Amino acid sequence: MHRIHTTTSQSDHLVQIPPPKEGGSERLYQGIAVAPGIAEGIVFKYLPNEQAIPVREISEAEVDNEMKRFEEARCATQSEILDIKKRMAQSIGVTDASLFDAHLLLLEDPILLKEVHQSLCKELLNIEHIFHSIVKRSCTHFNQIKNAYLRERAIDIEDVSRRLLHHLLGKPKQRVYVPNRHHIIVSHSLTPSDAAMLHDDPVVAFATEKGSKTSHTAIIARALGIPAVVGLHNIISEVSDGEAVLLDGYHGVLIVNPSSETLARYQGMKLEQETIEKNLKELRQTASKTRDGRAIILSANSELPEEMGSILANGAEGIGLYRTEFLYLNRSTPPEEEELYKIFCTIAERMKPYNAIIRTLDSGADKALGFVEYPKEENPFLGCRGIRFCLQHKDFFKVQLRAILRAAVAGNLRMMYPMISGVEELREANAVLEEAKQELRQRGVPFQEELEVGIMIEVPSAAMTADLLAREVKFFSIGTNDLIQYLLSIDRGNESVAYLYNPAHAAVIRTLKKIIDSAHDAGIWVGLCGELAGDLLFTPLLVGLGIDELSVSAPMVPRIKKAIQSLDIPACQELITQTLHSESATENHARCVALAESRYGFLL
């Protein structure tokens, strides 16, 4: 019998699993790691039954009664979610528990309520069928969106709608229930409320076919300390109830029927990770400096209010990228100035004494707004998006600018424009900013006259004219996600060419160097907020290039900080010299990996 301590809220228990079944071979499945930890247990497949939704015709006289039933079910669902939020606040804190506010807002969405009533009056069918049909259409829309964060909103909608439908049908809400043994749940997906309920069940981890790192379910798993892996396509058909499994929440791996050798190896890894996590926790408030004393600011990317607590708890030095487009989604009208002002003031206050960089609205492509009619575009990722979209919709662009200018009176807010392609576009954006300032002067409203304005460098034209752009701004923030794809003409979502995506490509390294050198020559600082910033394999490369700031997901801050503290400038600069003279992306990648492994291999 093999035993491994888990890193869950039940970590004082030992999980016992049987040895591999006779004749059973070890099978490994790769997914996406969303909550760290190593757990061992028994498969329990959670397959919630789909509700059979009845369809019946109603008369016009029955419409009011159907709406009354809907309102009662809505209020009961609201009460349930408030109860979950209250219990989660006691377990994981008010900040993380506030993600259930999104569920409460769905129940109060005026667009949804209006559509329910109009459809009921028009179709004259029972309210269960009407509501289910509307929700199904909405989820289909979200599931087709390329952006992972937005796709995950479909799960939130499904979570709320299932609760409401159970009340309409007079049935108790189905919940995750496992026998009184330690289990690893395997499911198609888990809703946030399902994940919240796991706190009370003997579950050590979960693995799902769907999901992403930005999902509310993943946030809850991390907060509760439940190791989790998502994106395990078709895993339900690959495993059986009662099979022995080992879940690696660090590398996104699920191992079925683990061998004795695998269990022994993971036992050692588990002990190593416990030591690493303890050490990382201790260094969260230490300085982000290389061995020879060069300071590199470590900040965090953010898009959700509930992430503020995590940002500070992980030792980040403020926010390097606050994505404002999520304040505009799922609405029938754009947010008002006062609403935005209060949100930005909250960010400023929570981040003191550190800075927070607000990115202006980055709409278009896969982040369409419900209150804007978009023209059909053959390639929206090369179309009207980012600053181009804002300059075509100056009315609510100025509303956002005024809110940022006012909130920046606190002194620690900065602002940057996305998708700037050249100097003329930047000057046009700044002209709108001056209009916003003049409007505030006329109203007699206090604002930050000397707001620090920067730009995202994420298209090749901006990179090639970085020396010109640097004269017009206070800082650069490199968005490597788009920049690398545009440079190499590679869509990472296209499996047939995704293997060509390589940050160690000579074109990428030379472009990054040009951007950073242009910024420094002009006397401004430069940060990097793309996924590359949080990739430990490339930290030596970025340090060697002279980056001033890295903005990563909050949980990655301690690990990146430890990596920086393990490096010295001469070794990193030697890496740059080697890569700049190399023709092979494969060799460049190997050089980056070799230096990373030699200095902090225990983190990889």
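Of the 604 residues of the protein chain, what percentage count as buried?

Modeller: The answer is 54% of the 604 residues, where buried means under 20% relative accessible area, exposed means over 50% and partly exposed covers what is in between, with a 1.4 Å probe and protein chains only. Keep in mind that this is a predicted model, so local features need pLDDT of at least 70 and side-chain atom pairs count only at pLDDT 80 or more, while totals for chains, interfaces and linings use all residues. Residues are numbered from 1 along each chain as its sequence is written, and side-chain values use heavy atoms, with hydrogens and water left out.

The protein chain has 23 helices and 18 strands, taken as DSSP runs numbered from the N terminus (H or I with at least four residues for helices, E with at least two for strands). Take contacts as heavy atoms within 4.5 Å: among those between residues at least 6 apart in sequence, 70% join residues at least 24 apart.

Now the core. In soluble globular proteins, nonpolar side chains tend to be buried together. I count a nonpolar core as a set of buried Ala, Val, Leu, Ile, Met, Phe, Trp, Tyr and Cys residues joined through side-chain atoms within 4.5 Å. The largest one has 105 residues, and Phe344, Tyr417, Phe476 and Leu550 have the most contacts inside it. Its largest share, eight residues, comes from helix H14 (residues 394–407).

On to the rings. Phe, Tyr and Trp rings (the six-membered one for Trp) pair if their centres lie within 6.5 Å, with planes under 30 degrees apart called stacked, over 60 edge-to-face and the rest tilted. That gives five aromatic pairs. Phe70 and Phe131 have ring centres 5.5 Å apart and planes at 55°, so they are tilted. This pair links distant parts of the chain, with Phe70 in helix H1 (residues 63–92), Phe131 in helix H5 (residues 127–143) and 61 residues apart. Phe70 is buried at 2% relative accessible area, and Phe131 is buried at 4%. Phe389 and Phe396 also make a tilted pair, 6.0 Å centre to centre with 45° between the planes. Phe389 comes out buried at 1%, as does Phe396 at 9%. Ring pairs join Tyr328 to Phe389 and Phe396 in a cluster.

Asp482, in helix H18 (residues 480–488), counts as buried because its relative accessibility is 17%. Beyond neighbours within four places in sequence, Asp482 contacts Arg385, Met419 and Glu458.

A cavity is a set of points on a 1 Å grid over the protein atoms alone where a 1.4 Å probe fits but cannot get out, and lining residues have an atom within 4 Å of a point. There is one cavity of 30 Å³ or more. The largest cavity holds about 40 Å³, with volume being the space filled by probe spheres set on points joined across faces, edges and corners. Ten residues line it, and Leu190, Thr208, Lys210, Gly211 and Thr217 lie nearest its centre. Helix H6 (148–169) and strand E7 (203–208) each give two or more residues to that lining.

Terms used
1 Å grid on protein atoms, 1.4 Å probe; cavity = no way out; pocket = protein on both sides within 12 Å on 5 of 7 lines; lining within 4 Å.
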